[in-house]
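Please consult the sequence and the coordinates alongside the text.

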Amino acid sequence: MALSQSRYPLERYRDRLERTHQRCGACGAKDRDGSWTAETSGRRVRYRFVCPSCEAVDTRELFIS
Ligand SMILES: [Zn+2]
């Protein structure tokens with residue numbers, strides 16, 4: 001797997017998530033202290049965010065073409 005090529009869009013997408021995901025959807029807490037983690041399986045990337053206040057889990061999926 002060509003990591004040097006695939007990492008860039010993945011990190012860009014995570015940056016965008018961190019900019020646009022301002023609040024927890026469950027408790028409304030600002031999520032500045034949290035961070036998204038990414039796990040890949042094949043072409044699918046799943047980003048996962050755990051709210052530091054209420055531990056609600058938010059996920060986004062990205063498919064790499
Ligand atoms: Zn929360």
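A residue counts as buried when its relative accessible area is under 20%, as exposed when it is over 50%, and as partly exposed in between. The model discussed here is predicted.

Q: Is Y13 buried or exposed?
A: The relative accessible area of Y13 is 15%. The cut-off for burial is under 20%. Y13 therefore falls in the class buried.

Q: Which pattern does the protein follow along the sequence?
A: The protein contains 1 helix and 3 strands. Read along the sequence, these elements give the pattern α-β-β-β.

Q: What percentage of the residues of the protein count as buried?
A: The protein has 65 residues. A residue is placed in the buried class when its relative accessible area is under 20%. The share of residues that count as buried is 22%.

Q: Which geometry does the site of the zinc ion have?
A: The zinc ion is coordinated by the SG atoms of C24, C27, C51 and C54, at 2.3 to 2.4 Å. Four donors count as tetrahedral if all angles lie between 85 and 135 degrees. The angles among the 4 donor atoms are 105 to 113°, and the site is tetrahedral.

Q: How many residues apart are C24 and C51, two of the residues that coordinate the zinc ion?
A: The donors of the zinc ion are spaced along the chain as C-x2-C-x23-C-x2-C. C24 belongs to the loop between α1 (3-20) and β1 (36-41), whereas C51 belongs to the loop between β2 (44-50) and β3 (57-63). The pair thus links distant parts of the chain, and the separation is 27 residues.

Q: How many disulfides does the structure hold?
A: A disulfide is a covalent bond between the sulfur atoms of two cysteines. In this analysis, a pair of cysteine sulfur atoms counts as a disulfide when they lie within 2.5 Å. The number of disulfides in the structure is 0.

Q: Why is the pair formed by the rings of Y13 and Y47 classed as it is?
A: Ring planes under 30 degrees apart count as stacked, those over 60 as edge-to-face, and the rest as tilted. The count comes to 2 aromatic pairs. The rings of Y13 and Y47 have centres 5.1 Å apart and planes at 50°, so this pair is tilted. Because Y13 lies in helix α1 and Y47 in strand β2, the pair ties together parts of the chain whose separation in sequence is 34 residues.

Q: What is the angle between the ring planes of W36 and F49?
A: W36 and F49 are both buried. Their ring centres are 5.4 Å apart, and the pair is tilted because the planes meet at 40°. This pair links strand β1, which holds W36, with strand β2, which holds F49, across a separation of 13 residues.

Q: Which elements each supply at least two residues of the largest nonpolar core?
A: The largest nonpolar core has 9 residues, namely L10, Y13, L17, C24, W36, V45, Y47, F49 and C51.

Q: Which residues does L17 touch, not counting residues up to four places away in sequence?
A: L17 lies in helix α1 and is buried, at 5% relative accessibility. Although L17 and F49 are 32 residues apart in sequence, their C-alpha atoms are 9.8 Å apart. With residues up to four places away in sequence left out, L17 touches W36, Y47 and R60.

Q: Is E55 buried or exposed?
A: E55 is found in the loop between β2 and β3. Its phi is near 65°, a positive value in a residue other than glycine, whereas most residues other than glycine have a negative phi. The relative accessibility of E55 is 61%, and the cut-off for the exposed class is over 50%. E55 therefore counts as exposed.

Key. Residues numbered from 1 in each chain as written. Predicted model: local features only at pLDDT ≥ 70, side-chain atom pairs only at ≥ 80, totals over all residues. Heavy atoms only, no water. Donors = N, O, S within 2.8 Å, 3.2 Å for Na, K, Ca; no water. Tetrahedral: all angles 85-135°; square planar, octahedral: opposite > 155°, others 65-115°. Helix = DSSP H or I, 4+ residues; strand = E, 2+ residues; numbered from the N terminus. Buried < 20%, exposed > 50% of the residue type's maximum accessible area, 1.4 Å probe, protein only. Contact = heavy atoms within 4.5 Å. Phe/Tyr/Trp six-rings, centres within 6.5 Å; stacked < 30°, edge-to-face > 60°. Core = buried A, V, L, I, M, F, W, Y, C linked by side-chain atoms within 4.5 Å.
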